[in-house]
Amino acid sequence: MARPHSTRYTVTALLLLGIAVVILVSLGQWQLRRSDERRAILAAIEAGRKQAPVLLTPATPSDDLTPWRVAQATGVWQPQFSVLLDNRNHEGRPGYWLATPLLLDGSSRQAVLVLRGWMPRAMPGQGDPALPATPQGPQTVTGEMAERVPRLFELWSLGGQDQSALPATLPVADGKVPQVQNLPLDAYARATGLNLLPVVLAQSGQSSANAQSSSNAQSSPNSQTSQTSQTAQTAQTAQTSQTSQTTQLSQADGDGLVRDWPQPSVDFEKNTSYAVQWFAFGLIAAIAWLVVLGGAIKRMRQRAGQGARP
């Protein structure tokens, strides 16, 4: 005769195994979604870097502002609007990203926000970090475009107030460079009064002096086409050397800024492998569920057969 509590154990085992199957299959599906997301990111990176370099001007069409595309901009640095992005580590060292707008056209206040590079955090007791010198006059900057400044999780104080919020107006009265966790372009545009392009330029090398005034960026379509062709060769060189730049830029340039920008994870094969493992575990749990159910049915038939005997 079966034990009185065997039915309860069987039902509990079936319930737990059923829950395990659902959870394990869900984890496998989540890993497949992550794999698809990373595939899409990789495709976007490859598509952007394959495009011809673009010259950023106030008249650049929005369709040309493609993430990961090499771009070149000529303008005047606006160091009074510089911002330090905190908690941006490099090779395990704490530090900042220095973000400074490049004014493309003075009359329209059109500008592009440039991530100039990484700088180490000052040691405790050394005061505010010393910013590198900003080149004067028209400068030409080359880099890759991004949709926005890469975000970090916000750090909140115990009182619930954000200690790294962007000031409402820049520059601040005391002349200090603000330190923030994240830098949304819309909030930054309101604080500076600049008309920002809807992209961020991650600088890939030192800026070079340009003899032409930045106001030439707002010229006729024919002159813009000519200007683009003149700068395409320089930007194309930056694009073709993209693979070697990571190693070269791991060392600081002459301005002391490191331009070894982090890349998003695109290892979708790993997520696919994890998905296969979760589905395999789910299959094992499903087989165990069928075995337990089969055993329970067999015992029920045995008891029914024993009860039917005279």
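Does W261 count as buried or exposed in this structure? W261 counts as buried, at 15% relative accessibility. The points below concern a predicted model, and they begin with the surroundings of that residue.

1. Aromatic pairs. Two aromatic pairs are present in the structure. In one of them, the ring centres of W97 and W261 are separated by 5.2 Å and the planes meet at 85°, so the arrangement is edge-to-face. This pair joins distant parts of the chain, since W97 belongs to strand 4 (residues 95-105) and W261 to the loop between helix 4 (242-248) and helix 5 (268-308), 164 residues apart. W97 is buried as well, because its relative accessible area is 8%, and the cut-off for that class is under 20%.

2. The pair within helix 5. W278 and F281 have ring centres 6.0 Å apart and planes at 80°, so this pair too is edge-to-face. The two residues lie three positions apart in helix 5, and therefore about one helical turn separates them. W278 has a relative accessible area of 28% and is partly exposed. F281, at 42% relative accessibility, also counts as partly exposed.

3. Charges over rings. The charged end of R88 is placed over the ring of W97, at 4.6 Å from the ring centre. W97 thus takes part in this arrangement and in the edge-to-face pair with W261. R116 lies over the face of W77, with a distance of 4.9 Å to the ring centre.

4. Q203 and its surroundings. Q203 is located in strand 8, which spans residues 195-203. At 1% relative accessibility, Q203 counts as buried. A polar atom of the Q203 side chain lies 2.4 Å from the backbone oxygen of G205; a reader may wish to look at this distance in the model. Neighbours within four places in sequence aside, Q203 is in contact with W77, V114, L115, R116, V141, T142, G143, R259 and W261.

5. Helix 2. In helix 2 (residues 185-192), the buried residues are L185, Y188, A189, A191 and T192. They cover an arc of only 165° around the axis, so they are on the same side of the helix. These buried residues pack against strand 3 (83-85), strand 4, strand 5 and strand 8. After helix 2 comes G193, which has a positive phi, near 75°.

6. In soluble globular proteins, nonpolar side chains tend to be buried together. Here the largest nonpolar core has 24 residues, of which L85, L113, L115, V149, L183, Y188 and L196 touch the most other members. At least two residues of this core come from each of strand 3, strand 4, strand 5, helix 2 and strand 8. Y188, a buried residue of helix 2, is in contact with F81, V83, P101, L113, L166, L170, L183 and L196 when neighbours within four places in sequence are left aside. Another core lies apart from the largest one; its 15 residues include L65, W77, V114 and L197.

7. T60 and its polar contacts. T60 is placed in the loop between strand 1 (54-56) and strand 2 (70-77). With a relative accessible area of 13%, T60 is buried. Its side chain reaches the backbone oxygen of L55 at 3.0 Å, while a polar atom of the T60 side chain lies 2.7 Å from the backbone nitrogen of T57. Beyond neighbours within four places in sequence, T60 is in contact with V54, L55 and L65. L65 is also among the residues of the 15-residue core.

8. Q136, an exposed loop residue. Q136 is found in the loop between strand 5 (110-120) and strand 6 (138-146). Its relative accessible area is 67%, so Q136 is exposed. The side chain of Q136 has a polar atom 3.2 Å from the backbone oxygen of T134. Q136 and A209 are 73 residues apart in sequence, and their C-alpha atoms are 8.3 Å apart in space.

Conventions
Residues numbered from 1 in each chain as written. Predicted model: local features only at pLDDT ≥ 70, side-chain atom pairs only at ≥ 80, totals over all residues. Heavy atoms only, no water. Phe/Tyr/Trp six-rings, centres within 6.5 Å; stacked < 30°, edge-to-face > 60°. Helix = DSSP H or I, 4+ residues; strand = E, 2+ residues; numbered from the N terminus. Buried < 20%, exposed > 50% of the residue type's maximum accessible area, 1.4 Å probe, protein only. Lys NZ or Arg CZ within 6 Å of the ring centre and 35° of its normal. Polar contact = N/O pair within 3.5 Å; in protein donor to acceptor, adjacent residues only side chain to side chain. Contact = heavy atoms within 4.5 Å. Arc of directions from axis to C-beta. Core = buried A, V, L, I, M, F, W, Y, C linked by side-chain atoms within 4.5 Å.
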